[in-house]
Structure formats: C-alpha cells, structure tokens
Amino acid sequence: MTLTYIANEWRPPVTSLVDRKVIVVGGSSGIGLGVAEAALNSGAKVVIVGRSHEKLQAAERALNAGNRVTSLVADMTDEAGVARLFDKVGAFDHLVSTAGTLPPGDPIERADMEAVRRFVDNKLIGAVMLAKHAVRTLRADGSMTFTSGINKDKPPVPGGSVVAAIADSFSYFARALALELGPMRVNVVSPGWVDTPMWDIVGEAKSGFFADMAARLPSRKIPTAADVAAAYLYLMESDFTTGETIRIDGGHNLI
Ligand SMILES: NC(=O)c1ccc[n+]([C@@H]2O[C@H](COP(=O)([O-])OP(=O)(O)OC[C@H]3O[C@@H](n4cnc5c(N)ncnc54)[C@H](OP(=O)(O)O)[C@@H]3O)[C@@H](O)[C@H]2O)c1
C-alpha cells in the first residue's frame, strides 16, 4: 500500500514567514511589539502601525532589524487613514491587529456612553475597517488575525459587560469572514493577562496583582508579549486554520 501523502510528496501545512510582509497594527507596544519581533525572527518583513509617531520610532529602534522593519502612522478609527495605510503598503501577506485601548469599566447603571462608543469605535469598528481595506491588497494565501481577550470568559464584575460583548464578538466576526474571504484565513487570539504597558495604569499595584493572579493560574505565571506572540505566529504559519479563536491564557478561563 502506498500512502497518498508520501506519493504526493507531502509537506507540512505550514507557510514559512521568510520574506513575507506582515502588518502589525498595534506593533509599537505590548503584544503587537512582541508579534513584530517574533515575525522578524522568523524572517518576515514587518510594518508596525499605531497612532503615535514617537512610540513607533522607539519600537523601530528596539526591534533593530534594519530595513526589514518600517513604521506607518495610522489611526484605525479613521477610515481615510486606514485606506491610505493599505495603499502605501501595497501587496502583503498577513495582517495582525492587537490595537486597543483600555475598556470602560463602569457598572451598567453608570455607563458613560461616550466612553462606550469610543471603545467600540476603536476596537470593533476599527477591526471592521482594517478588514474592509486589507482585502484589497492581502494575498489570497494570506491571513488576518485579530485580538480579543480573557474578559469575554471572565468579565470583571461589575463593569465588564461592554468589554465582554466586544471581545466575544471577534470570534463571530472571524468565523463569518473566514467563510466570506476564503482562501484568505481569518482568526482571533484571545490572551489572558499579559505584562504590557497597558498595565502601567495600575502603577505599583501591578506586581501584587500579577503575583496573586500567577498563583491562581494553572500556568503559575503571567506571560510576556513574547510568550503570547507564539499564538499569532502559529495562525500566520498554519495554512489550514481559519475561523478559529485561540486562547493563550495560561488556563485563566478554567479558574
Ligand atoms: N495586556 C493584557 O493583559 C491583555 C489581555 C487580554 C487582551 N488584551 C488586548 O490586547 C490588545 C493589546 O494590548 P496590549 O497590552 O499590547 O496594549 P498596549 O501595550 O497598550 O498596546 C496597544 C497598541 O495599540 C495601538 N493602538 C491603540 N489604539 C489604536 C488605534 N486607534 N489605531 C492604531 N493603533 C492603535 C497603540 O499605539 P498608539 O497608542 O500609538 O496608537 C499600541 O501600539 C488590546 O486590545 C487589549 O485589550 C490585552
């Protein structure tokens, strides 16, 4: 008996990132910066995107990858800016978006509707605009990966309803887009707590929060951006994974 995959010179269903062009929206900080570094280490050319020119310049210096990394200023809440971004980059292979801001956290009876709208605009409408304009120049064997998070599984109480709704909506967004855009692939990464500048807001309390959470997690640690970047790399490289949400949360959703 001849196994067909041997007869057909089977190769693993993995797309190398060498010389692939990867756009990381949110690549100037935190998880996105970790993804940019991991993609560069895998041989990709990376374009990092954010609103602050200064943060992008600092990130480019930190990545220290010569002309394999470039940066572009764009705000994903501004459709004209998003359109210009993809016009400037031209044909590319993978879009990753980790962009996001702190969610509103008021109990529902005190919800600040302007803050809620700003958050939805930045996180969900922004992702829709990225997808709308990315499809014009994303190669057919490429992928889009968006970011949700543990707040959909374990919403903060009280005050977690808006962030939970938006975070979980990404799974359905990716499933529908995967059907609509195939063979392009569309996926989501759902991190647990990650040690990034987003946590600077809690100041010195951070180390105590992290120690308490690490003790409760099955993984017994709070990850760095580099730790969770592995999930984004997998989703870019695996050419048979689409419409999927991957949790990388150290087991947080289980506790
Ligand atoms: N860190 C965690 O514990 C954690 C856990 C679960 C989920 N998440 C989610 O993961 C995502 C990334 O978090 P992070 O910790 O990496 O945050 P971060 O360090 O604050 O990085 C956020 C990045 O997004 C960019 N950004 C924000 N709004 C943007 C916009 N409108 N247009 C373009 N770029 C924008 C920021 O740059 P500019 O400010 O210069 O625009 C920055 O590069 C967030 O959506 C967050 O909710 C984080």
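An oxygen atom of the ligand lies 2.8 Å from a polar backbone atom of Ile31, where a polar contact is a pair of N or O atoms within 3.5 Å. The model is predicted: local features need pLDDT of at least 70, side-chain atom pairs count only at pLDDT 80 or more, and totals for chains, interfaces and linings use all residues. Residues are numbered from 1 along each chain as its sequence is written, and side-chain values use heavy atoms, with hydrogens and water left out.

**The ligand and its surroundings**

- A nitrogen atom of the ligand is 3.0 Å from an N or O atom in the side chain of Asp75, and a nitrogen atom of the ligand is 3.0 Å from a polar backbone atom of Met76.
- On its own the ligand has 890 Å² of accessible area, and the protein covers 92% of that area (Shrake-Rupley method with a 1.4 Å probe).
- There are 29 residues around the ligand, and those that come nearest are Ser29, Arg51, Asn122, Lys123 and Thr196; a residue counts as near if one of its heavy atoms lies within 4 Å.
- This shell divides into 10 nonpolar, 15 polar and four charged residues. In this classification Ala, Val, Leu, Ile, Met, Phe, Trp, Tyr, Cys and Pro are nonpolar, Asp, Glu, Lys and Arg are charged, and the others, Gly among them, are polar.
- Helix H2 (30-41) and helix H5 (113-134) each supply at least two residues of the shell. Helices (H or I, at least four residues) and strands (E, at least two) are DSSP runs, numbered from the N terminus.

**The largest pocket**

- The ligand takes up the space of the largest pocket; a molecule sits in a pocket or cavity if more than half of its atoms lie within 2 Å of its grid points.
- On a 1 Å grid over the protein atoms alone, a pocket is an open set of points with protein on both sides within 12 Å along at least five of seven lines, a cavity is a set where a 1.4 Å probe fits but cannot get out, and lining residues have an atom within 4 Å of a point.
- The largest pocket holds about 1,300 Å³ of space; grid points are joined across faces, edges and corners, and a volume is the space filled by probe spheres set on the points.
- Its lining consists of 49 residues, of which Gly100, Thr101, Leu102, Pro103 and Met198 lie nearest the centre of the pocket. H2, strand S2 (45-50), H5 and H6 are the elements that give two or more residues to this lining.
- By class, the pocket lining has 25 nonpolar, 20 polar and four charged residues.

- The largest cavity contains about 60 Å³ of space, and its lining is made up of Pro104, Asp106, Ile108, Ala111, Asp112, Val116, Gly159, Ser161 and Val162. Five of these lining residues are nonpolar, two polar and two charged.
- The second largest cavity has a volume of about 40 Å³ and is lined by Met76, Ser97, Ala99, Lys123, Ala127, Phe146, Thr147 and Phe170. H5 and strand S5 (138-147) are the elements that give two or more residues to its lining.

**Backbone features**

- The peptide bond from Val157 to Pro158 is cis, with omega near -5 degrees, and Pro158 is placed in the loop between S5 and helix H6 (161-181).
- Gly182 and Pro183 are also joined by a cis peptide bond, with omega of about 10 degrees; Pro183 lies in the loop between H6 and strand S6 (185-191).
- Asp19, although not a glycine, has a positive phi of about 65 degrees and lies in the loop between helix H1 (4-7) and strand S1 (21-25).

Technical notes:
A polar contact is a pair of N or O atoms within 3.5 Å; within protein, one must be able to donate a hydrogen and the other to accept it, and residues adjacent in sequence count only if both atoms are side-chain atoms.
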